[in-house]
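Here is a short tour of one model, written for someone who likes cut-offs stated plainly. Have the viewer open and follow along.

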Amino acid sequence: MAAVLNAVRAFFAQPTFKIDAENAADVVARETLLDRVMGADRTKKSSEKIRRGRIPAEGLALVARDRKGHVIGTVRLWNIEAGVNAEGHIVDALLLGPLAVDCAHEGKGIGSALMRAALMEAKNRGHGAVLLVGDAPYYERFGFFATKTAHLVMPGPFARDRFLALELVPGWLDGAAGMITASGRRLTQPSMRKAA
Ligand SMILES: CC(C)(COP(=O)(O)OP(=O)(O)OC[C@H]1O[C@@H](n2cnc3c(N)ncnc32)[C@H](O)[C@@H]1OP(=O)(O)O)[C@@H](O)C(=O)NCCC(=O)NCCS
């Protein structure tokens, strides 16, 4: 009986978070969250070389918000070229990361909700594959495996068993070989020159 009551309560309970598009007002909260969750060394990762100076792929910067609207989770995806295929054509893809959830909210399904929303949006926008560097035991549940990145390399040190990919279009990464490079829009820096 208690189990039935709990199931009924859960069904009618208000959701404790929502997934939303990131906006300019979220940037400080997102960066603070990433520093707290991932530590200051996060900017030294090879993935960061691909993100630095770039804007995330269109429509693929998402946040999780609590009921008050505060940012409690973040995920972004970035346009990349994942080497070339057997025909010598550039393989366009996305690099996912960082994915992070506020420590106070871990284990509530927020990371999974961010991942699923991001992957659905990427697929809807016609992208063929998503790559990332991360913990395989976590990302395998979303369909990420190291098999499709066997002939690809990151531009810097990386652990091969953490270099994972998911095809949104079957066969998209077939034969893909070479180095991952950034191909997204560049972040425009505000001009340092004063107006005359
Ligand atoms: C990894 C992270 C995003 C997960 O977010 P979350 O909201 O807690 O995740 P969910 O609630 O959707 O999923 C929780 C499940 O993932 C598992 N999990 C979390 N981190 C994991 C990891 N690194 N490896 C394997 N499993 C992991 C939990 O044990 C739990 O398992 P269960 O469903 O069997 O109980 C979050 O813990 C985080 O921000 N970690 C620090 C940053 C990080 O490691 N980012 C990923 C880069 S590898």
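In α4, the buried residues are Ile-110, Leu-114, Met-115, Ala-118, Leu-119 and Ala-122; buried here is 20 or more other C-beta atoms within 10 Å of a residue's own, exposed is 12 or fewer, partly exposed is in between, and C-beta atoms are placed from the backbone. Looking down the axis of α4, these buried residues fall within an arc of 160°, so they line one face of the helix (the arc is that of the directions from the helix axis to the C-beta atoms). Turned away from that side is a face with the exposed residues Met-120 and Asn-124.

This is a predicted model, in which local features need pLDDT of at least 70, side-chain atom pairs count only at pLDDT 80 or more, and totals for chains, interfaces and linings use all residues. Residues are numbered from 1 along each chain as its sequence is written.

The 15 residues of α4 should span 21 Å at 1.5 Å a residue, and its end C-alpha atoms are 21 Å apart, which agrees; the expected span is 1.5 Å times one less than the number of residues. After α4 comes Gly-126, with a positive phi near 90°.

## What the helix packs against

The buried residues of α4 pack against β1 (17-21), β2 (61-66), β3 (71-84), β4 (90-96), β5 and β6 (129-133). Helices (H or I, at least four residues) and strands (E, at least two) are DSSP runs, numbered from the N terminus.

Five of the five residues of β6 are buried, so this strand is largely enclosed by the rest of the structure. Ala-129, Leu-131 and Val-133 point one way from β6, while Val-130 and Leu-132 point the other way. β6 pairs with β4 in the parallel sense over two bridges (pairing needs at least two DSSP bridges between the strands), and Leu-95 stands opposite Leu-131. β6 also runs antiparallel to β8 (residues 163-167), joined by five bridges; there, Glu-167 is the bridge partner of Ala-129.

## Around the ligand

The ligand is surrounded by 16 residues, and the closest are Glu-106, Gly-111, Ser-112, Gly-134 and Tyr-138; a residue belongs to this shell if its C-beta atom, placed from the backbone, lies within 6 Å of the molecule. Which helix or strand gives the most to the shell? That is α4, with three residues.

## The whole protein

The protein has five helices and nine strands. Of its 196 residues, 31% are buried.

How values were computed: Two residues are in contact if their C-beta atoms, placed from the backbone, lie within 7 Å.
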